[in-house]
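Welcome! Take a moment to look over the sequence and the structure, and then read on for a short tour.

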Amino acid sequence: MTSDQQSAGVSHAGPSGWVRDALRVHEEQAAEEEAARGSHRGSPQPRAGTVREELVLERIDRARRSRPRVKEERITMSHGAGGKATQTLIEAVFLDGFRNPLLEPLEDAAALRVGEARLALTTDSYVVSPLFFPGGNIGDLAVNGTVNDLSVSGATPLYLSAGFILEEGFPVADLGRIVTSMREAADAAGVQVVTGDTKVVERGKADGCYINTAGVGALAHDLDLGVANARPGDAIIVSGPIGDHGVTIMLARGELDIEADVTSDTAPLNGLAAGLLSATPGVRAMRDATRGGVATILNEIAKAANVGVLVSENDIPVRAEVRGASELLGIDPMYVACEGRLVAVVDGAAAGDALAALRAHPLGGQAAVIGHVTADPPGIVQLKTAFGGTRIVDLLVGDPLPRIC
């Protein structure tokens with residue numbers, strides 16, 4: 001098991017094939033070197049700059065460059081968790097099947113041109129369990145999540161659709177509460193729900209209520225935002241404390257005897273994102289840290305731009321309550337979803353202006369520079385730990401927190 005899987009609490013699944021191969025080669029070479037020296041027992045971790053470390057990183061890079069292929073015969077929960085299995089499914093099935101220049105960037109929204117107008121289009125589905133949780137419910141989550149996908153693409157959100165899949169027997173009063181929260185969230189974000197659809201499935205065929213949304217926004221600038229634009233020297237900024245939403249959902253399920261004063265951070269990011277773009281032209285990319293958390297976004301940056309990413313554990317904002325609950329749950333906040341936080345890649349020279357702009361907004365008061373883009377090792381995210389060492393932050397195969405958004 002990789003250290004990231006251990007920290008994320010995925011103790012039931014072993015490492016994937018390429019990880020096993022890389023570790024096996026490392027162990028064999030370590031044993032050979034120790035035998036040649038005739039001293040030191042065991043299998044030490046590869047030290048930075050050593051041949052063993054370079055070989056391990058080379059194997060990781062080679063595995064990531066290989067053509068994605070879904071090895072499973074049937075869909076599993078891991079395929080919807082936002083980690084490696086999700087990315088493989090998207091690239092091997094959906095991207096391969098629908099491939100076109102508008103889809104290939106795999107950003108949170110597609111940038112379209114209709115006549116003289118430039119628009120952003122996004123869609124998402126929401127299957128959170130429980131439907132109602134501290135700080136929100138599936139309704140405002142659906143509105144805010146779609147608004148945020150448009151916002152981090154640099155668009156001004158305008159219109160939403162809402163499709164409901166309802167289970168037979170679902171309380172009409174609960175549906176009313178959900179719709180009311182959607183209307184209030186839309187009003188707060190300055191958008192309108194202008195079309196929709198309703199389907200009812202048999203009892204036991206759904207978890208009460210699923211919501212699908214699509215959103216359209218206006219792109220009023222010529223910025224080319226995308227994680228593939230990241231360059232060595234760029235700063236990586238997170239707009240506030242991470243992990244609030246995922247931990248809130250986990251505790252709200254009532255399956256664990258853990259009490260913590262945490263609430264979901266679900267909120268619309270359009271004002272925050274607009275303020276950042278207005279403050280500096282040095283913004284390369286923005287992403288909202290939903291499924292897979294900040295760790296997944298960092299890996300997307302490294303892979304898309306073929307750069308390294310180095311972040312500092314001490315600089316990543318995490319509320320004490322979230323950190324404590326995460327430790328009890330055996331999960332790493334880096335992999336836990338947020339619903340009101342964005343990660344921005346900004347020209348290093350503009351980091352000060354970007355940070356000031358984020359902190360000037362109510363949702364960005366605890367914004368922080370958490371690391372930088374590096375030239376090497378390409379495609380790899382490294383975390384400088386609180387103890388002074390570094391470790392690789394890889395994508396998880398699955399997710400210890402299913403159905404959180």
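## A word to start with

Here, a contact means heavy atoms within 4.5 Å. With that in mind, we can look at where two helices touch: Ile138, Gly139, Asp140, Val143, Asn144 and Val147 in H5 meet Ile178, Ser181, Met182, Ala185, Ala186 and Ala189 in H6.

The protein chain has a mean pLDDT of 86, with 82% of its residues at 70 or more. Residues 1-16 have a pLDDT below 50, and this stretch makes 35 contacts in the model beyond near neighbours in sequence. Residues 36-46 also fall below 50, with 15 such contacts. Where pLDDT is low, the predicted coordinates should not be read in detail.

## Helices H5 and H6

Let us return to the pair we began with. Helix H5 covers residues 138-151 and helix H6 covers residues 172-189; their axes come within 7 Å and cross at roughly 30°. Angles under 35 degrees count as roughly parallel, so H5 and H6 are roughly parallel to each other. Their crossing is right-handed.

## Helices H8 and H11

How do H8 (residues 270-279) and H11 (residues 351-359) cross? Their axes come within 9 Å and cross at roughly 150°, which makes H8 roughly antiparallel to H11. H8 passes H11 in a right-handed crossing. On the H8 side, the contact is made by Leu272, Gly275, Leu276 and Ala279, and on the H11 side by Asp353, Ala354, Ala357 and Leu358.

## Around the rings

A search of the whole structure turns up zero aromatic pairs. The ring of Phe132 does have the charged end of Arg177 sitting over it, 3.9 Å from the ring centre.

Conventions:
Residues are numbered from 1 along each chain as its sequence is written. This is a predicted model: local features need pLDDT of at least 70, side-chain atom pairs count only at pLDDT 80 or more; totals for chains, interfaces and linings use all residues. Side-chain values use heavy atoms; hydrogens and water are left out. pLDDT is the predictor's confidence in each residue, from 0 to 100. Rings of Phe, Tyr and Trp (its six-membered ring) pair if their centres lie within 6.5 Å; planes under 30 degrees apart count as stacked, over 60 as edge-to-face and the rest as tilted. A charge sits over a ring if NZ of Lys or CZ of Arg is within 6 Å of the ring centre and within 35 degrees of the ring normal. Axes are lines fitted to C-alpha atoms, for helices over the stretch in contact, and angles run from 0 to 180 degrees between N-to-C directions. Helices (H or I, at least four residues) and strands (E, at least two) are DSSP runs, numbered from the N terminus. Angles under 35 degrees count as roughly parallel, over 145 as roughly antiparallel, 65 to 115 as roughly perpendicular and the rest as oblique. A crossing is left-handed if the near helix is turned anticlockwise from the far one by less than a right angle, and right-handed if clockwise.
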